[in-house]
Amino acid sequence: MKRILASLAAIAMLSAGPATAQGWGDSFSPNQARDAVRNGKTVPLSRIFGMLKQQYGGYQLGADLVSKQGGGAEYHIDWMTEDGRKMRFIVDAQSGAITDRRGG
């Protein structure tokens with residue numbers, strides 16, 4: 001019985017954990033992100049990548065477009081610098097301005 005309960009608990013943690021930890025409920029789908037750029041509501045991610053590459057060198061590890069609590073959207077970008085430092089940038093999706101930087 002303990003073995004069954006432990007298995008059920010493990011399955012529940014594996015299925016629910018990543019979605020809540022990553023905040024996927026607030027993420028835009030690829031189609032929503034594309035439409036937001038087409039409608040002029042967000043800056044293209046390629047432009048932000050170019051700005052980060054110019055300022056920090058390196059390359060993008062991952063990026064998500066997420067809704068902000070007060071309205072609007074922001075990009076969460078994981079970045080690897082040329083010298084191997086991992087950074088996370090929060091970028092206002094409408095203006096393209098970096099609003100927060102962590103790591104590095």
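The legends below describe close-up views of a predicted model.

Residues are numbered from 1 along each chain as its sequence is written, and side-chain values use heavy atoms, with hydrogens and water left out. In this predicted model, local features need pLDDT of at least 70 and side-chain atom pairs count only at pLDDT 80 or more, while totals for chains, interfaces and linings use all residues.

**View 1. Overall arrangement of the chain.** The chain contains three helices and four strands, in the order α-α-α-β-β-β-β from the N terminus. Helices (H or I, at least four residues) and strands (E, at least two) are DSSP runs, numbered from the N terminus. Of the 104 residues, 25% are buried, where buried means under 20% relative accessible area, exposed over 50%, and partly exposed in between (1.4 Å probe, protein chains only). The accessible surface comes to about 7,100 Å², and carbon and sulfur atoms account for 54% of this surface; areas come from the Shrake-Rupley method with a 1.4 Å probe, and for residues only the protein chains shown count as cover.

View 2. The strands form an open antiparallel sheet in the order S1-S2-S3-S4. Strand S1 (59–67) and strand S4 (98–103) are the edge strands, each pairing on one side only. Neighbouring strands are turned by 15° against each other on average, direction ignored. Helix H3 (residues 45–56) packs on the sheet and touches S1, S2, S3 and S4, its direction making about 40° with that of S2. Axes are lines fitted to C-alpha atoms, for helices over the stretch in contact, and angles run from 0 to 180 degrees between N-to-C directions.

View 3. Strands of a sheet pair through backbone hydrogen bonds, either parallel or antiparallel. Here two strands are taken to pair if DSSP finds at least two bridges between them. S1 and S2 run antiparallel and are joined by eight bridges; Gln60 has Trp79 of S2 as its bridge partner. Strand S2 (residues 73–80) also pairs with strand S3 (residues 86–92) in the antiparallel sense, over seven bridges. Asp78 has Arg88 of S3 as its bridge partner, and His76 stands opposite Ile90 in S3. The hairpin of S1 and S2 has five residues between the strands, and Gly71 takes a positive phi near 110° there. In the hairpin of S2 and S3, also with five residues between the strands, Gly84 has a positive phi near 85°.

**View 4. The largest nonpolar core.** This core has 12 residues, among them Val43, Leu65, Trp79 and Phe89. A nonpolar core is a set of buried Ala, Val, Leu, Ile, Met, Phe, Trp, Tyr and Cys residues joined through side-chain atoms within 4.5 Å. H3, S2 and S3 each supply at least two residues of the core, and S2 gives the most, with four. Ala73, Tyr75, Ile77 and Trp79 point one way from S2, whereas Glu74, His76, Asp78 and Met80 point the other way, and all are buried.

**View 5. Surroundings of His76.** His76 lies in strand S2 and counts as buried because its relative accessibility is 18%. The His76 side chain makes a polar contact with the side chain of Glu74 (2.9 Å). A polar contact is a pair of N or O atoms within 3.5 Å; within protein, one must be able to donate a hydrogen and the other to accept it, and residues adjacent in sequence count only if both atoms are side-chain atoms. Not counting residues up to four places away in sequence, His76 touches Gly62, Ala63, Asp64, Val66, Arg88, Phe89 and Ile90, a contact being heavy atoms within 4.5 Å.
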